[in-house]
Amino acid sequence: MARILAAAAALAIVAAAAVWVQTGPGTAADGTTAGTGVDMRTPMVNSRMHGAADAARAKDPSEIIVPKFSPGGAIGEIAFQNSCAACHGTNAAGSDSGPPLVHSLYRPGHHPDESVIRAVRNGVPAHHWRFGDMPVPGDVSDVDIALITQYMRELQRANGIQ
Ligand code: HEC
């Protein structure tokens, strides 16, 4: 009996934790949500450990500064539009289906270039946002990934993320 009670208590704790992960702690200061009562554009990070910039709400797409890209970055933009923008948005500003990559969380010191290769080759289990898992996008070559990374870094730098 005691064992059943202990198991029930453990389940209740897991359920409560799951609810916390789904709902908090990221509700935006301005209260903006995607109509679900949950703010999709605020990452789930511990701001005390990560710093305020990593916990900040994603910028509006219109706030993204678009630089003049290098030749590689410009080709990367085309590959990004083909394979990534459906979720990560135009100018990597994010969309209803995926997070912005122009965000402090994805600065090179926290997500180095290898993490882009890993993301595209293996997909990404949902962990920082509420968009769900990233599936492996079809047909992206190693050269495409390198150029997309170059494009992403140039965009990030233009927006003060380095
Ligand atoms: C079907 C939607 C979708 C597509 C297409 C997509 N992504 Fe993602 N991606 C996501 C989501 C959702 C996440 C966030 C997962 C999380 O952290 O919660 C993500 C996360 C990432 C990350 C962060 C990885 C990490 O280590 O946390 C990188 C880098 C990334 N994507 C790159 C790309 C690139 C490059 C492409 C195109 C080749 C691409 N994605 C296409 C949905 C997508």
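## Close-up views of a helical model

**View 1. Helix α4 meets helix α7.** Gly 72, Gly 73, Ile 75, Gly 76, Glu 77, Ala 79 and Phe 80 of α4 are in contact with Asp 144, Leu 147, Ile 148, Gln 150, Tyr 151 and Glu 154 of α7. Sorted by class, the residues of this α4–α7 contact are six nonpolar, four polar and three charged. Please keep in mind here, and in every view that follows, that the model is predicted. Two packed helices are described by the angle between their axes and the distance between the axes. For this pair, the axes of α4 (residues 71-83) and α7 come within 7 Å and cross at roughly 110°. Angles of 65 to 115 degrees count as roughly perpendicular, and α4 and α7 are therefore roughly perpendicular to each other.

**View 2. The protein chain as a whole, for orientation.** Stepping back for a moment, the protein chain has seven helices and zero strands, so reading along the sequence gives the pattern α-α-α-α-α-α-α. Of its 162 residues, 25% are buried. Among contacts in the chain with a separation of 6 or more, 61% join residues 24 or more positions apart.

**View 3. The largest nonpolar core.** In soluble globular proteins, nonpolar side chains tend to be buried together. The largest nonpolar core of this model has 13 residues, and Ala 92, Ile 148, Tyr 151 and Met 152 touch the most other members. Helix α7, spanning residues 142-158, gives the most to this core, with five residues. Have a look at Met 152: leaving aside residues up to four places away in sequence, Met 152 touches Ala 92 and Leu 101. Ile 148 and Tyr 151, which are among the core members with the most contacts, also belong to the α7 side of the contact with α4 shown in View 1.

**View 4. The surroundings of the ligand.** In this view, 25 residues surround the ligand, and the closest are Cys 84, Cys 87, Gly 98, His 128 and Met 134. The elements that give two or more residues to this shell are α5 (85-88) and α6 (113-122). With four residues, α6 gives the most to the shell.

View 5. Ile 64 sits in the loop between α3 (52-55) and α4. Not counting residues up to four places away in sequence, Ile 64 touches Lys 59, Asn 91, Ala 93, Val 102 and Asn 159. Ile 64 and Gln 156 are 92 residues apart in sequence, yet their C-alpha atoms are 9.2 Å apart in space.

View 6. Most residues other than glycine have a negative phi, which makes the following pair worth a friendly second glance. Asn 91, one of the contacts of Ile 64, lies in the loop between α5 and α6. Asn 91 is not a glycine, although it has a positive phi of about 55°. Asn 91 is buried, because 22 other C-beta atoms lie within 10 Å. Asp 139, also not a glycine, has a positive phi near 55° and is found in the loop between α6 and α7. Asp 139 has 7 C-beta neighbours inside 10 Å and therefore counts as exposed.

How values were computed:
Residues numbered from 1 in each chain as written. Predicted model: local features only at pLDDT ≥ 70, side-chain atom pairs only at ≥ 80, totals over all residues. Near = placed C-beta within 6 Å. Core = buried A, V, L, I, M, F, W, Y, C linked by C-beta atoms within 7 Å. Buried ≥ 20, exposed ≤ 12 C-beta atoms within 10 Å, placed from the backbone. Contact = placed C-beta atoms within 7 Å. Axes fitted to C-alpha atoms, helices over the stretch in contact; angles between N-to-C directions. Parallel < 35°, antiparallel > 145°, perpendicular 65-115°, else oblique. Nonpolar A, V, L, I, M, F, W, Y, C, P; charged D, E, K, R; others polar.
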